Amino acid sequence: MLAGAVSVVLAAVLAGAPAGVGPFGAVPSAWADAVVSSSNDAAVSDALGCGLADFHKAKTGSSADIDGVGFGYRYITGTAETCVLIATEDVAVVYVPADVCDALGLDLSDTGRLAELQALFEALDRPNSSGGAALGDLGLEYHFTSETEVRLDGRSFRFAIESQGRTYSAVDGADSGEVLFCDYASLLDASQVRITTQAGPFEALGDFFARLDWSPLIVSLRTTLLSTLIVFALGTCTAYAVFRANPMTGNLLDWLATLSMILPPTVCGMLLLLLFGKSTAIGRFLISCGIDIAFTWPAAVVSAVVVSFPYMYRTARGAFEALDAEMLDAARVLGWKERRIFLKIMLPLSTSSLVAGAALAFARALGEFGATMFFAGNYVGETQTLPVAIYYDWMAGDAAATIFWVIAVMVFSFATMLLMNRVTRHAGRQ
């Protein structure tokens, strides 16, 4: 029943509206010549003789340096041949690479053809706005250029900045709040742009799964499973150490073990970055030993371990403290060593609680976002977990992928709760 409801909801989202019609109603008449793909990622204009393909809308960028150089507020924007539009509060600067202009015979002084190109961007921007500001409603002044650097009103717009296999576009001299978003797509001859027609719900669902990148799910599962195994062992051992320690030592260990539950995840991530970052003493020492942690998959595992550890620890500690102290003392009187008491009595009697703690730790690790973003970053196929993918897919305007990953996380969380309740009920009958 749940699977059927999920399929219906997702199919409805994917089916969308007819070509050229977004969630805000019919495309304005100014865009009448723009034929938009039903997937809202491509559009062509007969009057322009060209079209945009592989359209993306980036709502957030970053102020981080590129190869140690500050370029202001920047976005990742495809390749050097990509056509890019950066929208600020008062102007939209459109970069069309000179090679692309030459190949398409596009003259940037031809206002008629530029108006058609503007219409293509506005037609694709609206259905990808996801409730945010739509380009066509802002009334911006447009500037078209083939120069990789343009200065307007004290601000510097830079395009085609290449670094480590990525291409960036940036705005310098403006606050991040003044830069609204960045649209980018490939500008091609109209014959090269594939316009998909409106598909039925199940056809759209099949197309969606065919193009979906499954790497966030894979990264999340292996990160969460490994972190849960680590947390199960560490949490159980720490809980036993606190259970056996004197009050002063136990209170100190308890504070350290519970700290990450109290702190916001972003603070935990920042502390991890300060501790193991490449510019810190520990980070440099680890790198000299051939161990690079920050912004790698192990960093995602460490982040998940740190934020989920208290859930396992607190559950295990509660289970140990609930055991009959007289029973444990009786075992000691019989000559049992502490290790044997732990393995033969404490662990078996605490099994249901330990499994419940592991389930809670798994659920917390699966939903981890803040620490992962700070310490591991967003690298597709390596550190991009489900929560990170949800955020970036939504900011990029991919509502279908966002909803699918939200449903996936809900299903995993629901299954975790069922497992925890089942184990607890089974233990209660014994």
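Visitor: As what does Arg244 count at 42% relative accessibility?

Guide: Buried means under 20% relative accessible area, exposed means over 50%, and partly exposed lies in between (1.4 Å probe, protein chains only). Arg244 therefore counts as partly exposed, at 42% relative accessibility. This is a predicted model, in which local features need pLDDT of at least 70 and side-chain atom pairs count only at pLDDT 80 or more, while totals for chains, interfaces and linings use all residues. Residues are numbered from 1 along each chain as its sequence is written, and side-chain values use heavy atoms, with hydrogens and water left out.

Visitor: With which residue does Glu338 form a salt bridge?

Guide: A salt bridge is a side-chain nitrogen of Lys or Arg within 4 Å of a carboxyl oxygen of Asp or Glu. Here Glu338 is bridged to Arg244, with 3.6 Å between the closest N and O atoms. This pair links distant parts of the chain, 94 residues apart: Glu338 lies in helix H11 (residues 338-349) and Arg244 in helix H5 (residues 215-244). Helices (H or I, at least four residues) and strands (E, at least two) are DSSP runs, numbered from the N terminus. Glu338 is partly exposed, its relative accessible area being 24%. Arg244 and Glu338 also belong to a network of salt bridges that includes Asp329 and Arg332.

Visitor: How many salt bridges does a search of the whole structure find?

Guide: The search finds 12. One joins the side chains of Asp254 and Arg314 at 2.8 Å, N to O. It connects distant parts of the chain, Asp254 being in helix H6 (residues 247-262) and Arg314 in helix H9 (residues 297-321), 60 residues apart. Asp254 counts as buried at 16% relative accessibility, whereas Arg314 counts as partly exposed at 38%. A salt bridge also joins Asp172 and Arg158, at 3.9 Å from N to O.

Visitor: Is strand E5 mostly covered or mostly uncovered?

Guide: E5 (residues 50-58) is mostly covered, since 7 of its 9 residues are buried, that term being used as defined above. In a regular strand the side chains alternate between the two faces of the sheet.

Visitor: In which sense do strand E4 and E5 pair?

Guide: Two strands pair if DSSP finds at least two bridges between them. E4 (residues 43-45) and E5 pair in the antiparallel sense over 3 bridges, and Val44 has Gly51 of E5 as its bridge partner. The hairpin of E4 and E5 has 4 residues between the strands, and Gly49 there takes a positive phi near 75°. E5 also pairs with strand E13 (residues 179-189), in the antiparallel sense over 7 bridges. In E13, Leu188 stands opposite Gly51.
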